[in-house]
Each structure stands twice: as C-alpha cells, then as structure tokens.
Amino acid sequence: MFDKALKPFVSKERLKIIRDPVDQCVSHHLSRVKEKFPDQRVDIMFDYEMLPSRKPKFLAQTAAHVAGAAYYYQRKDVKLDPWGKKKIFGVCIHPKYGGWFAIRALLLFPAIQVPFLEQPLPVDCVSSEEKRIELLEQFNFHWQDGRYRDIIEVKERYSEEQKNYFATPPAERFRLLGLSQEAQRITFH
C-alpha cells in the first residue's frame with residue numbers, strides 16, 4: 001500500500017490539498033473500484049467513520065475475522081485468562097502478514113445475495129495458548145514497539161520507510177512525503 005498506492009497518490013496530488021494522505025489515498029482507490037461496478041450499488045465504509053452515537057460504523061477487526069481475512073484473537077481465545085479485571089483488547093493476525101496490515105475500509109454490495117455462499121473461516125495461525133497470551137500482552141501493553149506484529153513468522157512486512165512514516169507523529173508525516181505543512185492548512189471559503 002505504501003509504495004504502490006500512497007507515494008504515487010501523493011506525488012500525483014501534490015498540487016491539491018491533502019489533509020490526511022492515507023485516508024485520502026484509500027478513498028481515491030476505493031472510488032476507482034466502485035467505478036468498476038457501474039450497475040451495482042456499492043457502499044463504502046471507512047475505518048474512521050463514526051455513527052452519531054460516536055461508535056464506529058463497523059468493527060474492522062471483527063469484519064476481517066467474519067470475512068475470513070484474518071483471525072481476531074481476543075481474551076476469550078485464551079483458556080487460562082491471566083489478566084483478572086484488566087481490559088484486554090483483541091487484535092487480528094493474518095497468516096501471511098502477521099500484524100503488518102491495516103483494515104482501512106469495508107465494501108458492501110447490498111443488492112447482491114448469494115444464498116449458498118460459504119463463509120471462509122479465518123486461519124488460526126497463533127494456535128498455542130502461550131503465543132496467544134504473548135500476542136495479547138504485547139498488543140495491549142507494548143503495542144508501540146510493534147513486537148506483536150511478528151508473533152508468527154511473516155512473509156512480508158512494512159518497509160523501513162513505511163514503519164518510519166507510521167511511527168512519526170501525524171503532524172510531522174507531511175515532510176516525510178515531501179509535502180509542506182503550510183500547504184495543508186489552506187481551507188476553501
């Protein structure tokens with residue numbers, strides 16, 4: 001995504017206002033996907049969209065699990081829960097990418113019905129109790145260092161440039177993409 005979509009998008013859009021490069025890039029590419037289905041209604045929901053109640057429009061990790069794309073490991077996946085009353089958040093792990101991916105949007109085709117569609121099960125790639133505890137502890141208590149992403153042997157991970165981009169505070173990311181901060185503050189009246 002970073003090298004093949006984000007960087008070319010930013011380069012192409014350099015003369016336009018870019019407020020959030022990743023969100024705008026994802027929106028751009030998904031609108032192009034939507035154009036490929038002119039006779040279908042395609043609803044797109046983005047991971048940052050909220051309902052009026054301030055709850056997310058969709059639960060990205062749950063959606064990935066239900067779609068069979070990645071396994072959503074939660075507290076209930078650990079038999080001997082060592083956390084007591086602590087709040088423990090779940091995390092998706094992909095069999096190829098481990099934790100090196102993001103779920104940015106959901107595409108719905110509400111008019112399409114496939115009554116006999118088989119729901120693919122996500123691959124349970126963190127199968128031992130010890131590894132699941134390690135995963136949830138790393139994600140919940142040490143997420144900044146990203147070790148949870150490598151809980152399994154991964155086939156592909158973010159490039160060093162992409163890791164650096166996402167490790168940089170959002171306000172400082174523009175310069176990493178060669179964008180001036182001042183140009184991003186322009187608003188239309």
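**View 1. The largest pocket of the predicted model and its volume**. In this predicted model, the largest pocket holds about 1,100 Å³ of space. Its lining is made up of 30 residues, and those that lie nearest the centre of the pocket are Phe101, Ala102, Phe139, Tyr148 and Arg149. Two or more residues of this lining come from each of the elements α3 (60-66), β3 (91-93) and α5 (160-167).

**View 2. The residue classes in the lining of the largest pocket**. When the lining residues of the largest pocket are divided by class, 17 are nonpolar, 5 are polar and 8 are charged.

**View 3. The second largest pocket and its lining**. The second largest pocket has a volume of about 770 Å³, and it is lined by 30 residues, with Met1, Trp100, Phe101, Ala102 and Tyr158 lying nearest its centre. At least two residues of this lining are supplied by each of α1 (2-12), α2 (21-35), α3 and β4 (105-108). By class, the lining of the second largest pocket consists of 21 nonpolar, 4 polar and 5 charged residues.

**View 4. A nonpolar patch on the surface, with Ile112 as one of its members**. Ile112, Val114 and Leu117 together form this patch, and their accessible area taken together is about 300 Å². Ile112 is placed in the loop between β4 and α4 (129-141). Ile112 counts as partly exposed because its relative accessibility is 43%, a value that falls between the limits of 20% for buried and 50% for exposed residues.

Key: Residues are numbered from 1 along each chain as its sequence is written. This is a predicted model: local features need pLDDT of at least 70, side-chain atom pairs count only at pLDDT 80 or more; totals for chains, interfaces and linings use all residues. Side-chain values use heavy atoms; hydrogens and water are left out. On a 1 Å grid over the protein atoms alone, a cavity is a set of points where a 1.4 Å probe fits but cannot get out, and a pocket is an open set with protein on both sides within 12 Å along at least five of seven lines; lining residues have an atom within 4 Å of a point. Grid points are joined across faces, edges and corners, and a volume is the space filled by probe spheres set on the points. Helices (H or I, at least four residues) and strands (E, at least two) are DSSP runs, numbered from the N terminus. Ala, Val, Leu, Ile, Met, Phe, Trp, Tyr, Cys and Pro count as nonpolar, Asp, Glu, Lys and Arg as charged, and the others, Gly among them, as polar. Patches are made of residues with over 30% relative accessible area and no salt bridge: like charges are joined within 9 Å, nonpolar side chains (Val, Leu, Ile, Met, Phe, Trp, Tyr) within 5 Å. Accessible areas come from the Shrake-Rupley method with a 1.4 Å probe; for residues, only the protein chains shown count as cover. A salt bridge is a side-chain nitrogen of Lys or Arg within 4 Å of a carboxyl oxygen of Asp or Glu. Buried means under 20% relative accessible area, exposed over 50%, partly exposed in between (1.4 Å probe, protein chains only).
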